[in-house]
Number of protein chains: 4
Amino acid sequence: MSLGVGVIGAGIMGADHARIIREETADAHLVGVADADLARAERAAAGARAVTDGMALIGAGDVDAVIVASPDPTHAPLTLAAIAAGKPVLCEKPLAVTPEDCLRIAEAEAKAGRKLVHTGFMRRFDPAYGELKAAIDGGGLGPVRLLHCLHRNQYVPGWFQPQMAITNSFVHEIDVCRWLLGAEFVAATVIPSTSDAYDPLGDPLLIVLETDAGALVSTEVSMNAEYGYHVHAEAVCARGTVAMAEPARTLTRTDGARRSGYPVNWIPRFADAYRIQARAWVAAIGQGSVDAQAADVWDGAVATILAEQIVEALRTRRRVALELPPRPQ
Amino acid sequence: MSLGVGVIGAGIMGADHARIIREETADAHLVGVADADLARAERAAAGARAVTDGMALIGAGDVDAVIVASPDPTHAPLTLAAIAAGKPVLCEKPLAVTPEDCLRIAEAEAKAGRKLVHTGFMRRFDPAYGELKAAIDGGGLGPVRLLHCLHRNQYVPGWFQPQMAITNSFVHEIDVCRWLLGAEFVAATVIPSTSDAYDPLGDPLLIVLETDAGALVSTEVSMNAEYGYHVHAEAVCARGTVAMAEPARTLTRTDGARRSGYPVNWIPRFADAYRIQARAWVAAIGQGSVDAQAADVWDGAVATILAEQIVEALRTRRRVALELPPRPQ
Amino acid sequence: MSLGVGVIGAGIMGADHARIIREETADAHLVGVADADLARAERAAAGARAVTDGMALIGAGDVDAVIVASPDPTHAPLTLAAIAAGKPVLCEKPLAVTPEDCLRIAEAEAKAGRKLVHTGFMRRFDPAYGELKAAIDGGGLGPVRLLHCLHRNQYVPGWFQPQMAITNSFVHEIDVCRWLLGAEFVAATVIPSTSDAYDPLGDPLLIVLETDAGALVSTEVSMNAEYGYHVHAEAVCARGTVAMAEPARTLTRTDGARRSGYPVNWIPRFADAYRIQARAWVAAIGQGSVDAQAADVWDGAVATILAEQIVEALRTRRRVALELPPRPQ
Amino acid sequence: MSLGVGVIGAGIMGADHARIIREETADAHLVGVADADLARAERAAAGARAVTDGMALIGAGDVDAVIVASPDPTHAPLTLAAIAAGKPVLCEKPLAVTPEDCLRIAEAEAKAGRKLVHTGFMRRFDPAYGELKAAIDGGGLGPVRLLHCLHRNQYVPGWFQPQMAITNSFVHEIDVCRWLLGAEFVAATVIPSTSDAYDPLGDPLLIVLETDAGALVSTEVSMNAEYGYHVHAEAVCARGTVAMAEPARTLTRTDGARRSGYPVNWIPRFADAYRIQARAWVAAIGQGSVDAQAADVWDGAVATILAEQIVEALRTRRRVALELPPRPQ
Ligand SMILES: [Mg+2]
Ligand SMILES: [Mg+2]
Ligand SMILES: [Mg+2]
Ligand SMILES: [Mg+2]
């Protein structure tokens with residue numbers, strides 16, 4: 001029995017989610033795509049229904065589950081509507097823009113009495129991150145002492161604000177490092193580089209998180225790395241380290257050098273992760289739950305809550321103690 | 001409209017093909033699996049039909065297309081039966097064990113008047129080989145002068161015969177290098193290493209093919225490489241070279257060394273290729289043809305025909321001129 | 001005219017300095033070695049004079065220049081004696097254990113009216129660091145925003161104290177990063193990892209320095225990395241990054257993995273640096289000065305002075321403003 | 001007691017040998033340089049004697065040993081003169097241009113009753129080749145089955161003739177692979193690539209040698225690789241493989257790619273080898289012999305003798321049995 005999926009948002013990510021459901025997900029089919037721009041919805045729907053009203057798509061009888069990939073401020077109302085309709089929802093990060101909305105969603109799901117929300121932190125399904133986690137959990141390397149991360153974007157648009165390096169980019173490290181380490185963060189220090197006069201953002205940021213187990217996560221978040229999109233992680237453990245390999249499949253030797261390439265953004269880098277995530281999401285719905293490996297509603301809430309506090313650490317230039325509210329039951 | 005697929009053979013490859021159709025191929029579903037061992041067929045079918053008679057599965061009304069992954073000698077009769085039934089068939093390599101049977105299949109398809117046969121040389125769908133081909137075809141590197149290949153198996157069973165290094169393993173290089181170079185092979189030289197007293201096979205073989213364009217393909221075929229399964233290729237062109245990167249996603253530093261791993265056999269190495277091939281196969285059937293990138297019936301025939309002549313080059317230790325019969329029209 | 005060199009200290013480093021002067025330095029010869037343990041001095045002297053009194057060796061008429069590689073607390077008095085004798089001296093790091101002694105040495109050299117002191121921060125002569133500096137100074141990469149460093153020791157003896165990770169190990173990064181960046185450090189933050197219950201030291205330390213140009217230097221200093229001795233640096237610049245390659249010359253494929261090795265300690269890793277440093281030291285003496293690339297007396301003093309303040313940053317767990325006294329004229 | 005060295009030939013290699021003796025070889029000093037071009041000799045001498053007559057330099061009383069780096073046809077008469085004078089000689093490859101002259105030199109040394117000739121196959125002193133040999137000789141990898149070599153020159157001048165790819169370039173592989181394997185070659189097959197219409201040379205050559213132990217050496221010899229000078233080797237053994245790492249010390253990330261560089265020719269690539277060779281040569285002279293690791297007179301003769309026969313394999317395009325005359329006693 002094939003799962004009928006409605007996708008809300010037909011931008012880059014929404015269109016890709018629609019394509020993945022159509023082409024790469026065996027037990028699901030695309031029912032329709034909603035976008036305020038109907039032509040864009042039609043292109044993404046590729047023959048399935050195209051509508052402008054996301055709420056109506058959530059309510060449609062042939063829509064069994066929903067993917068929310070619309071602009072960030074709409075994530076909360078759409079996800080709440082899906083919960084109200086009793087329909088599983090894969091909500092792109094962020095789950096919501098504010099901690100308050102995140103908690104509201106978590107409460108709604110708790111009241112609904114079953115897990116419905118999968119927050120789209122797709123890195124958890126990336127094969128390279130998966131190998132890192134397997135190496136850490138395998139135990140042969142001993143406890144993690146320190147996790148080095150690089151999060152480099154090729155460039156960002158002019159309207160990008162410094163705190164978005166945290167709320168939009170680093171939020172991925174918040175989630176995936178919590179998952180890798182199986183620990184909570186208790187403190188944050190943010191130190192911006194300001195050496196490059198051409199860049200008003202203070203770029204990169206060096207962000208150091210401390211876990212409740214005493215481990216560190218040190219991340220360079222670069223908004224204008226120029227050479228490409230590059231995500232990297234190395235776990236420094238008691239008996240050794242484990243790190244991602246370079247992402248390239250081929251090496252070219254020309255003009256005096258050996259070269260391997262970087263993708264221009266996250267979409268080619270995490271193509272496998274999006275595909276695998278979609279299959280895991282559909283399979284878990286078949287079991288009446290949310291995939292055990294996925295970021296659930298609480299993981300989504302924690303990422304937004306901590307990101308806000310880490311922005312404060314950037315503003316104050318002081319070590320900030322990180323705090324989480326109680327999880328709604 | 002979902003394509004109904006029957007899989008014949010429930011060994012390692014057949015079971016994997018069945019799984020891919022079930023789980024990873026959006027527009028197709030698994031109708032049934034045939035295997036002389038019914039319990040094995042049932043495990044691979046995972047709820048779909050399990051039968052012992054492959055011919056009956058080909059004839060079944062709900063089977064729209066067939067994957068042949070049974071023992072090599074059965075490939076020819078099963079593929080001929082699929083053609084006779086007018087059903088598209090993905091036949092695992094080899095298309096047939098003898099040149100004669102290959103030609104018989106090519107003739108049958110020619111008479112059928114449409115392309116039905118996709119020979120399962122899955123490397124053509126491997127992303128790393130795809131990048132090599134794109135780099136070569138892009139033209140920036142100039143014409144290919146030499147292609148270095150490694151084909152290393154971790155070990156082979158005791159019953160393995162020396163010529164199988166060519167007919168079973170190197171046959172992959174025959175096909176994928178013809179495809180990479182867009183050229184035909186005109187001569188072969190085979191030089192076996194015999195230095196390792198523990199190995200009666202003469203292992204590795206060094207096989208040098210010459211193309212009609214004057215380029216060389218030099219391949220080490222190792223049957224007992226011990227350290228793992230390792231396939232590699234580097235194209236040496238007029239302006240530079242392009243090569244596969246190491247296949248690992250992570251690097252571990254322990255015990256005095258940095259390490260990256262190799263798979264134990266071809267299945268993890270070519271998991272992407274099998275998945276992408278299955279999708280391309282199903283999509284092309286929807287268009288009434290065989291995927292343009294796939295090995296078609298003639299490519300399958302050429303691989304078997306040349307492999308036999310290259311075995312002769314090994315036996316005689318002389319440079320052998322390679323010859324192809326006319327393609328059946 | 002060959003330079004007569006006396007080496008004080010016949011431990012690992014002293015013996016190696018003696019060997020380098022004997023075997024690898026064309027315009028200098030080893031006159032003698034001093035060590036409290038005469039047998040050890042004799043082994044290092046390998047036919048040259050062996051004595052127990054370092055001060056006497058400094059005074060000897062056939063000793064034109066001195067290498068100080070004795071225990072750290074003796075560096076200051078021996079270096080002062082060399083200055084008093086008007087003899088050039090290569091003093092192993094640290095120049096002196098206390099800031100006060102460093103300043104005393106700098107004043108003595110200033111009074112002597114010519115440069116006599118080369119502080120043995122050998123990394124400045126390492127070819128890999130040299131390529132990093134050339135890439136940075138070349139300007140094609142734009143200004144440095146951030147410098148990532150790894151300083152991993154395989155293990156440290158039981159008597160090792162946490163602050164020695166800074167005063168003994170990290171002091172190398174203090175010097176070499178000042179040299180790479182051509183900038184002074186103005187602030188330090190130290191965050192220790194405490195996740196590994198088996199290690200009381202708080203290991204690794206994450207040390208973040210800020211330069212007067214607004215760039216950052218982020219260093220992991222690990223005392224018990226277990227897998228080997230590993231020093232690494234990557235400069236993140238406005239147009240790209242430049243990093244050290246892995247230090248191995250060969251790669252081995254066995255047992256399912258490709259491996260490249262790490263040295264057990266700094267001696268093989270920096271063998272080239274020590275050799276090249278010795279030649280530069282001798283050549284500069286021939287010109288009546290100290291090598292322009294070397295750490296001079298003030299660089300040696302700065303390293304000790306800053307290390308002490310960075311230890312304070314570890315103790316207080318607060319961002320510490322770094323300050324330098326005026327340089328003695 | 002410092003060894004007085006005379007260098008004959010002040011071209012690129014001769015000048016570099018002179019510099020190495022002056023600057024990097026502790027127990028030897030440069031007495032003089034001979035070159036038909038006196039100005040060139042003076043530049044290389046850098047203060048030592050400059051002369052035009054190499055024979056006179058060999059005879060000079062203060063010359064204890066000679067380095068021959070003059071044009072190839074002069075190697076034989078100069079080396080014979082050094083032997084006649086009883087003076088140790090490091091003769092750049094080739095020892096002589098013809099097998100006959102090589103044998104004449106070997107006979108002269110045999111009559112002299114002591115080892116005087118070191119043939120300058122410097123790769124034996126390259127640290128990467130040294131690690132390969134140590135790995136092979138260590139035995140942990142089992143017997144060598146196959147050795148893959150790359151010998152890529154960036155470009156060659158217009159007057160370069162095809163056979164020079166063998167007599168000038170590949171001759172290095174002949175020597176270093178004999179040394180690595182501790183075996184003699186018994187057969188050769190040469191297959192040229194002719195695909196690149198712009199290159200009349202037939203480039204690259206694929207050369208396959210067979211050893212008396214049944215192992216293979218497969219070498220790509222490229223004269224116009226364009227991207228740089230690149231020498232590589234991988235030994236395929238019964239239990240695994242060992243290969244050279246990439247030669248770069250740093251990696252740059254810019255413009256969408258990670259890059260590591262190649263040298264433009266053999267001089268930077270083998271700078272360490274030349275320096276270490278010079279020290280070994282001088283040290284062995286101190287012991288009254290030729291360095292045990294070096295190519296001696298017979299190794300030099302074998303390289304020239306086999307190169308001539310391998311040229312024949314190229315001309316005839318047939319497998320050629322390789323034969324050595326008896327070694328003069
Ligand atoms: Mg978004
Ligand atoms: Mg098969
Ligand atoms: Mg010391
Ligand atoms: Mg020459």
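This is a predicted model: local features need pLDDT of at least 70, side-chain atom pairs count only at pLDDT 80 or more; totals for chains, interfaces and linings use all residues.
## Ground rules

Local features here need pLDDT of at least 70 and side-chain atom pairs count only at pLDDT 80 or more, while totals for chains, interfaces and linings use all residues. Residues are numbered from 1 along each chain as its sequence is written, chains are lettered from A in the order in which they are written, and side-chain values use heavy atoms, with hydrogens and water left out.

## Where D meets B

Let's start with the contact, meaning heavy atoms within 4.5 Å: 38 residues of chain D touch 38 residues of chain B. Together they bury about 2900 Å², with 54% of that coming from carbon and sulfur atoms; buried area is the accessible area (1.4 Å probe) that two parts lose on being put together, summed over both.

There are 10 salt bridges between chain D and chain B, each a side-chain nitrogen of Lys or Arg within 4 Å of a carboxyl oxygen of Asp or Glu. One of them pairs D:Arg145 with B:Asp203, at 3.8 Å from N to O.

## How B and C match up

What rotation superposes chain B on chain C? The answer is 180 degrees, with 0.0 Å of shift along the axis and an RMSD of 0.0 Å, using least squares on the C-alpha atoms of residues with pLDDT of at least 70 in both. The two copies are therefore related as by a two-fold rotation axis.

In chain B, the C-alpha nearest that axis belongs to B:Arg259, 2.2 Å away. Both copies use the same surface, as 100% of the contact residues of chain B recur in chain C.
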